[in-house]
Amino acid sequence: MLSLALAGKPNAGKSTFYTAATMAEVDVANYPFTTIDANRGVSHVRTRCPCLDRDHRCGNDTCHDGKRYVPIEVLDVAGLVPGAHEGRGLGNQFLDELTNADAILNVVDASGGTNEEGEPVEIGTHDPIEDIDFVETEMDMWLAGIVDRNWEKIQRQSRSPGFDIEEAITELLTGFGATEYDVTASLREIDYPQDPLKWTDDHREQLATQIRERTKPIVVVANKIDVAPEENVERLLDLDKPVVPATAQGELALRRGVEQGAVSYDPGDESFEMMDEISDQQRAALTKLRKTMDRWGGTGVQGALDYAVYDLLDQVTVYPVQDATHWTDGQGNMLPDAFLLPTGSSPRDLAFAVHSDIGEGYLHAVNARTDREVGDSYELEEGDVIKIVSTAT
Ligand SMILES: Nc1nc2c(ncn2[C@@H]2O[C@H](COP(=O)(O)OP(=O)(O)OP(=O)(O)O)[C@@H](O)[C@H]2O)c(=O)[nH]1
Ligand SMILES: [Mg+2]
């Protein structure tokens with residue numbers, strides 16, 4: 001399953017975001033380092049269900065009237081402070097967890113109500129822009145440290161005939177999720193000596209930055225827009241990086257409201273309905289939230305997850321079926337499964353994603369929308385419904 005990690009300063013709202021996204025209960029509090037051990041849970045990205053192109057809805061639990069929710073993993077980790085790569089705060093523990101993530105949501109307190117160390121301060125007194133770059137720097141320095149610690153080994157290897165520096169670095173960095181392609185492309189961006197003995201710290205840091213940018217794309221979550229000075233959010237949006245304004249607390253209030261039957265809302269909706277029987281206090285709070293959502297186009301929690309998966313990671317949602325006419329599985333369930341695959345994936349890749357046996361036995365595939373057979377050169381598109389024909393069933 002694709003995995004997204006929430007990174008950022010203590011107190012930025014990572015655990016609140018995590019709770020809202022997964023509805024799992026975790027510790028949330030207004031002081032630094034509330035979270036110590038990582039939380040791992042299931043959330044969803046939202047997309048348009050292909051059942052909207054049929055005359056009735058599919059009826060899956062994961063489809064609300066054509067809004068389809070596809071599972072992903074979300075990771076909530078300890079807060080990060082400057083110097084974490086050297087072990088400050090809870091330091092390396094967080095950075096090690098990152099290895100498992102495909103992309104990072106960098107949560108910042110856009111209200112400026114949290115200082116550098118994650119302690120609460122008066123709103124508007126800290127500049128949230130300062131909180132963005134250090135997360136990247138800490139990740140880079142941590143990765144550079146790993147390369148550093150292993151460099152002697154690479155130097156030793158370089159004495160044997162047939163030594164290939166790219167291969168050696170790839171071997172070192174695959175644990176971090178880097179492919180041979182990532183390493184080659186990263187090395188192409190830096191001017192480096194073939195002889196590992198001639199490498200300097202600067203070479204290693206440049207390599208780390210390149211690898212990190214390629215393997216851990218980042219979206220900034222400008223959190224706490226419900227209390228943030230508007231000007232802060234605007235300045236964050238003006239940065240030359242992906243930024244999603246969000247109120248994790250607002251999303252959590254809505255999801256809890258839905259559970260209580262007080263609110264009608266699907267995650268990712270731009271607004272919501274209130275039911276009649278709610279208290280004046282709740283009504284006042286939700287009315288305020290509605291204003292915030294009107295201003296920024298929703299709570300941003302679903303938006304940030306969707307952005308990470310569909311834009312940063314370039315995924316498409318594909319629906320394997322057994323019956324290409326009715327878009328059902330063997331039991332007559334319509335569009336029961338949704339798979340996320342990188343753009344450019346083929347029907348054969350889908351077959352392997354369903355099951356390795358189905359992949360091994362792959363014969364051909366049928367695009368159920370057109371009822372035509374599609375070849376190996378076919379690139380799967382968002383919302384494709386595919387029947388796989390395989391010797392395995
Ligand atoms: N106003 C407002 N407060 C929020 C929002 N999200 C989180 N908070 C508050 O910010 C404080 C910190 O939230 P947490 O979710 O514990 O933050 P964290 O990033 O997990 O903190 P650590 O675990 O210490 O790293 C809590 O008091 C939350 O209620 C939001 O969208 N708006
Ligand atoms: Mg936390």
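User: How much of the chain counts as buried in this model?

Analyst: The model is a predicted one, and burial is judged by counting neighbours, a residue being buried if 20 or more other C-beta atoms lie within 10 Å of its own. By that count, 42% of the 393 residues of the chain are buried.

User: Which class does Pro 82 fall into, buried, partly exposed or exposed?

Analyst: Because Pro 82 has 17 C-beta neighbours inside 10 Å, it counts as partly exposed. Pro 82 sits in the loop that runs between strand E4 (67-76) and helix H2 (92-97), and, once its neighbours within four places in sequence are left aside, Pro 82 is in contact with Glu 116 and Phe 134.

User: What radius of gyration does the chain have, and what would a compact globule have?

Analyst: A compact globule of 393 residues would have a radius of gyration near 21 Å, and the chain has 23 Å, which agrees. The C-alpha atoms fill a box of roughly 70 × 65 × 35 Å along the principal axes.

User: How is the chain divided into domains?

Analyst: Domain 1 is made up of the segments 3-38, 77-137 and 217-309, while domain 2 covers 316-390; the centres of domain 1 and domain 2, taken over C-alpha atoms, are separated by 36 Å. In secondary structure, the chain has twelve helices and 14 strands.

Definitions and conventions
Residues are numbered from 1 along each chain as its sequence is written. Chains are lettered from A and ligands numbered from 1 in the order in which they are written. This is a predicted model: local features need pLDDT of at least 70, side-chain atom pairs count only at pLDDT 80 or more; totals for chains, interfaces and linings use all residues. Domain bounds come from an automatic or database domain assignment. Helices (H or I, at least four residues) and strands (E, at least two) are DSSP runs, numbered from the N terminus. A residue is buried if 20 or more other C-beta atoms lie within 10 Å of its own, exposed if 12 or fewer, and partly exposed in between; C-beta atoms are placed from the backbone. Two residues are in contact if their C-beta atoms, placed from the backbone, lie within 7 Å. The radius of gyration is taken over C-alpha atoms; the globule rule is 2.2 Å times the number of residues to the power 0.38.
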